[in-house]
Amino acid sequence: MRILFIQRLPFAHIGAMLLSAELKRAGHEVEVLIAGDGLRARGADAVRRADLLGFHWISGSDGWLRDFLSRLPARPPVVVGGPHPTFVPDDIRAVSADFAIRGEADEALPELAASLDAPLDSLKNIKNLCFDDGGSLHISPQRPLVEDLDSLPFQDVSLYARIPRLATIISELYPAMCSRGCPNSCSYCFNKKFRDMHKGLGAYTRRRSPANVVEELLRAKRDFAVKRVVFEDDSFITSKRWLEEFAELYAREVSLPFVCQTPASTLDADSAGMLSRMGCVSARVGLETADENNRRKILRKNVSDEQITEAVARLKERGIMAQTYNMVGIPGEGFEDALKTMLFNRRMKTDFTWVSFYRHYPGTELREEFEASAPQASAASAPDGFFTPSAATAADLRMSNLGMLMQFFNVARAPVPAVRLLCALPLSPLYALLHKAVYALSVKKINRLGWLPFIRISLGFSKFF
């Protein structure tokens, strides 16, 4: 079978690379197509040759997916996966997809590819699979989680490496994961509900062995001239024993600069020291809001201001740049609250104040609470991007502008009166351009990218942002 993954944006997705490796191990052919907002001749030919089209679907991309599929004059079956169809499988009919895989697809997707020619009833035996069965939606039960991550093949980097602009990204910012699952239960994140879906089906938080991760990175270093690594784990530090073993092996065998993310609550002095000795150049820590009460009660993020401040200080003391995740527009938040978040970052001298606009994503407790408290209202559909103001923030021009300019204001050390004035001005298009420029330069800084690869990567993304 020929499987064609299609995506709009030029990212090297770890999920697609892992699934490609599984599919190739089962004897299938796999390609990826960066489609943008249209389909050129080469892409149309790839679609014609494919036996199955695969899409990763996050909430907000349904408009693009629906439009893209509607413009195809003829196509093979379509399977979607990712967080949106996992929690809202009914929506596959709205975009005219044929199948959805809920949850992890390591085993389900190869099984589907091998059974495409089988009668529809036999597909009901494939766990995690959903499809329209004569007008009703068939949803198979969830299968046990893959607990032994070392049993999975290494991600198929060649899937993207043949595309020049993505080969640069892979070389300069190699994406890697050491674990799956997150032990936390933040109300704005899907992890808690995803964990509940798999209750009794194996350990939710799982780790690869240090030796397994290092073997992959050594191959990538040899085959793709990797210069630095970006660990995409939800929580890089959940086991100090694992980190101790990995740190020693990584520093001795791999010795590449890297970026990771970790909860502030697990980043103690010992862990920060190990990150430094390994070659960590920057680390991401979740702040979300400077209002500790809202952080704990609304977002259910059980971390204090003191823990966050100490974590950032520990990183900076060891020469590791600190990035914080922040949100603008959480339920009940106003402009003054968001301004406090900006100033909290300024006091900590955060290197990168990364800001997204809050919205009610499916599969989150906050979405469920919103729907329960306002049954007649509907949560506005999420835009295709974290940096597009949500309905709540768009209603207050100052909130939208502050979210766009928070990093710029902190880099420029803008006085608070100037911040208030600039946020009140109707200059959102100008601010959006400034936001892109400042974010791009901040990404360059925290990853310690050289100017030439930075320009190459930026040119590859420019047409999409």
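In what order do the six strands of the open sheet stand, and is their pairing parallel or antiparallel? In this predicted model, local features need pLDDT of at least 70 and side-chain atom pairs count only at pLDDT 80 or more, while totals for chains, interfaces and linings use all residues. Residues are numbered from 1 along each chain as its sequence is written, and side-chain values use heavy atoms, with hydrogens and water left out.

The order is β8-β11-β12-β13-β14-β15, and the pairing is parallel; strands are DSSP runs of E with at least two residues, helices are runs of H or I with at least four, both numbered from the N terminus, and two strands pair if DSSP finds at least two bridges between them. The edge strands, β8 (174–176) and β15 (352–357), each pair on one side only, and the twist from one strand to the next averages 20 degrees. Helix α10 (residues 210–224) packs on this sheet, where it touches β8 and β11, and its direction makes about 165 degrees with that of β8 (axes are lines fitted to C-alpha atoms, for helices over the stretch in contact, and angles run from 0 to 180 degrees between N-to-C directions; contact means heavy atoms within 4.5 Å).

Strand β11 (residues 229–231) pairs with β12 (residues 258–261) over two bridges, and Val 229 stands opposite Phe 258 in β12. Leaving aside neighbours within four places in sequence, the contacts of Phe 231 include Val 213, Leu 217, Phe 236 and Phe 258. Phe 231 and Phe 236 have the most contacts inside the largest nonpolar core, which has 79 residues, and helix α11 (residues 240–253) gives the most to this core, with six residues.

Technical notes:
Core = buried A, V, L, I, M, F, W, Y, C linked by side-chain atoms within 4.5 Å. Buried < 20%, exposed > 50% of the residue type's maximum accessible area, 1.4 Å probe, protein only.
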